[in-house]
Amino acid sequence: MREGRSRAACLIGICASALMVSPALAQDEAPPQQQKGEEVFGADEIVVTATKRSESLQKVPLSITAFSQEEMERKGYTNLGGVQESTPNLNFSVQSAGQNVVRVTLRGVGTETLVGGGDPGVALHIDGVYVGRNSAAATDIFDIERVEVLRGPQGTLYGRNATGGSINIITKKPTTDGVEGSGDFTYGNYNELRVRGVVNVPLSDTLSSRIAVFGESHDGYLKNLYPSGRDNNDKETFGGRMQLRWQPSAGTDILLRGYFQKIGGAGPGSRYLGTDIVSANGYPTQGNVGIGSAGQRVGADVFNLARTRTGEAVLPRPTGFYEVRKDAPEFVDLLIKGVDLEADVDLSDAILLRSTSSYQTNTNEILVDSDNSELPIETRYRKNDASQFSQEFNLLSQTKSPFQWLFGAYFYHEALTERFQTIVPAGLIPTSVALPAGAVPGGGGVKQDRVVNHKTESYALFGQLSYELTPGLIATAGLRHTWDNKVQNRTGGGQIDITTGIRAGTPGLTGYEAPTHGEVSFAEFTYRLSLAYEFARDHNLFASYSRGYKSGGFDFNGGVVDPTTGQVPYKPEFVDAIEVGSKNRFFDRRMTLNVTAFHYKYKDLQVFRLTGDGPLTDNAAQSTIWGIEGELKLQPTDDFAIDGSVGYLDATYDQYSIPMPPTDFSGNRLNYAPKWTAAAGAEYTVHLGEDSLLARVDWSYHSATYFDRANLALDRQDAYSLFNARLRYNMASWYVDLWGRNLTQTEYLTGQLINPPFNCNCRTVNLGAPRTYGITIGTRF
């Protein structure tokens, strides 16, 4: 109780400090001749649409970090993995141990259920369209207007609720202003080649088009020492976007957009952590080779007993940070395609009707060498085929009235088929090796082959009202009611012996489990209340209370089955969030300083644990999260600019225990939730006649991070820093960049998976990128 009071006092203190400091600076800086509404020199105005209206970032009562295309290029960001370097309390990683998905965590809130029909804790929206499959977050970003990172529950205005926040990508639209475009070519180490181009072409006074295309490839960062092995963490991607925009009148704007992106190659790589394995060759001493006649799993020292495809014993595990030795032909094949139709129509001078329709498909296929060696011990294969359709209608007020409103209706449908297969071949070890009674000599082999069909439908009605109570003081209330329905059919559960067909854990039974069915519905209200006060020009305070909700669902791999009712769902999770903040611009807008403090009560966390048949999701945890964030932009002179951010996060489990084995994780830190994140950057421009030379350096920092709830030393990535730099020579229509990322060659992990006890109970980890550098030549016209 005392701890809760101290946290509340801390939040009040932050707000009070902002109240005291901001007016003082505002009084010092404001010139007598400055009038309200008059523009002054300083940082460019950033306009965001986080509230579904075009508003200044500095006036929106939300915690938002926004990046323009130009800012992302100067910082060297081509995807969301880069954005995390400059966003407080954002963590982003690609997971690949049997899947090709993205884990995004904001302020300690994310998702444990990375496959199947689970909902992301941090939603991704592209041009206002919710994207259901988290693998889409790994795609490249090009020809955008901006990226917006909204921190905190988004329970009112957005299509699918998210407990952690939302990342909004807004692409550039066609215009009738004239023919324009840009293009660039990049060459870097690891044989990186990237080509990008965009052109905007007016077709008439009312019709315009825009086409953007891009492609990139590079060799793998994770070197495979096996003679015919593929290097992981490579890249083979290309994609494009085509838009047609029709503006027949001042009050009508219709946009048709088609897009695709394909990602191939060996895919994101993983390797054994290694420090949790004690053996002469560096590999686990136990592996599953079959199922005995009594249904027991049969283990053996496979890494010493098995032989390679050419008959040799395993070599010692490579010890280089970026080295593996794998025999399986690993690959990833991700294809995303979609079409959107947007329409804005003025029903009157006071009312705007907006319609957003979207259809998208996502096919994601991956093969992984899960034994991480040159021995043919085990492979994992997974394929997802997903299609989604969404339709959203908004009615918005568009007057200068103190009273503003927005109402909306939303529908979402997703159909998903997933196949997951693991294979341990028969005869893996010599038949002379003694195995338990009832086991096939040499090992009968193990196979798991599960197919799941999943359907999600979601409906929502929502609204938000704002009223200016007095000049500068605006109260806002938002409410949403969501109905979610999920249906899942699963076949092929369990593991079987390839030779005998005996199923694990079921003496006397053969073949896979009988098909199972599950259906569940949820209906929840979520809401947001806020007060925003502009007490002086360019100085705003805000406070809010919001409730976020993420629906429950069914496990794809594993999960509980009731003999009477079928598959047992896990329940929704909820976040109740309090946030106070101050947004300020000083010194004729040469300096922007935003500070936010927050406090969450995180209930019914959807956490997972490994069972004999795969991950099982429970609503087993409660958590209290609080923290502080600050963001700064400073332009002391026309040619010198500084930016930075810092985030502090206290995210621990208040209550979390599991029955098997009996373990209490209460008091431990949440996964992927470092206590400190920070970033700083500086750039300076030298003018050379009509040309210019820009130099920029960036630093980012993550404090120690735990990848598992146990918070063991083996689950910890120690604190690390990354340094990036860029030198750009600008001409009238051309530019040349020399750039480098991770210049100090910092070696760091981005994620991990703990393998099941019947396998090796060891950790498989994902790696951050090494030092990269190159040259980019670009043109604008």
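This is a predicted model: local features need pLDDT of at least 70, side-chain atom pairs count only at pLDDT 80 or more; totals for chains, interfaces and linings use all residues.
**Burial and surface**

With that cut-off, I got buried residues at 58% of the 781 in the protein chain. I then looked up the accessible surface, which comes to about 30,700 Å². Carbon and sulfur atoms own 60% of that area.

**Overall shape**

I wanted to know how the radius of gyration sits against the globule rule. For 781 residues, a compact globule would come out near 28 Å, and the protein chain has 27 Å, so the two agree. Along the principal axes, I read a C-alpha trace spanning about 95 × 60 × 55 Å.

**Secondary structure and contacts**

I counted up the elements: four helices and 44 strands in the protein chain.

**Charges**

I checked where the charges sit on average. There are 72 positive and 87 negative ones, and their mean positions are 3 Å apart.

**Aromatics**

I found 24 aromatic pairs in the structure. The one I looked at in detail is phenylalanine 142 with phenylalanine 214, an edge-to-face pair with 6.3 Å centre to centre and 70 degrees between the planes. This pair links distant parts of the chain, its members being 72 residues apart. Phenylalanine 142 is in the loop between β7 (129-131) and β8 (144-151), while phenylalanine 214 belongs to strand β12 (residues 207-218).

**Positive phi**

Which non-glycine residues did I note with a positive phi? Asparagine 89 is one of them, with phi near 60 degrees. I placed asparagine 89 in the loop between α3 (80-83) and β4 (90-95). Its relative accessible area is 4%, so asparagine 89 is buried.

Asparagine 742 is another entry, its phi being positive and near 50 degrees. I found asparagine 742 in the loop between β41 (734-741) and β42 (749-754). At 4% relative accessibility, asparagine 742 counts as buried.

Key. Residues are numbered from 1 along each chain as its sequence is written. Side-chain values use heavy atoms; hydrogens and water are left out. Helices (H or I, at least four residues) and strands (E, at least two) are DSSP runs, numbered from the N terminus. The radius of gyration is taken over C-alpha atoms; the globule rule is 2.2 Å times the number of residues to the power 0.38. Buried means under 20% relative accessible area, exposed over 50%, partly exposed in between (1.4 Å probe, protein chains only). Accessible areas come from the Shrake-Rupley method with a 1.4 Å probe; for residues, only the protein chains shown count as cover. Lys and Arg count as positive and Asp and Glu as negative; His and the chain ends are not counted. The place of a charge is taken as NZ of Lys, CZ of Arg, CG of Asp or CD of Glu. Rings of Phe, Tyr and Trp (its six-membered ring) pair if their centres lie within 6.5 Å; planes under 30 degrees apart count as stacked, over 60 as edge-to-face and the rest as tilted.
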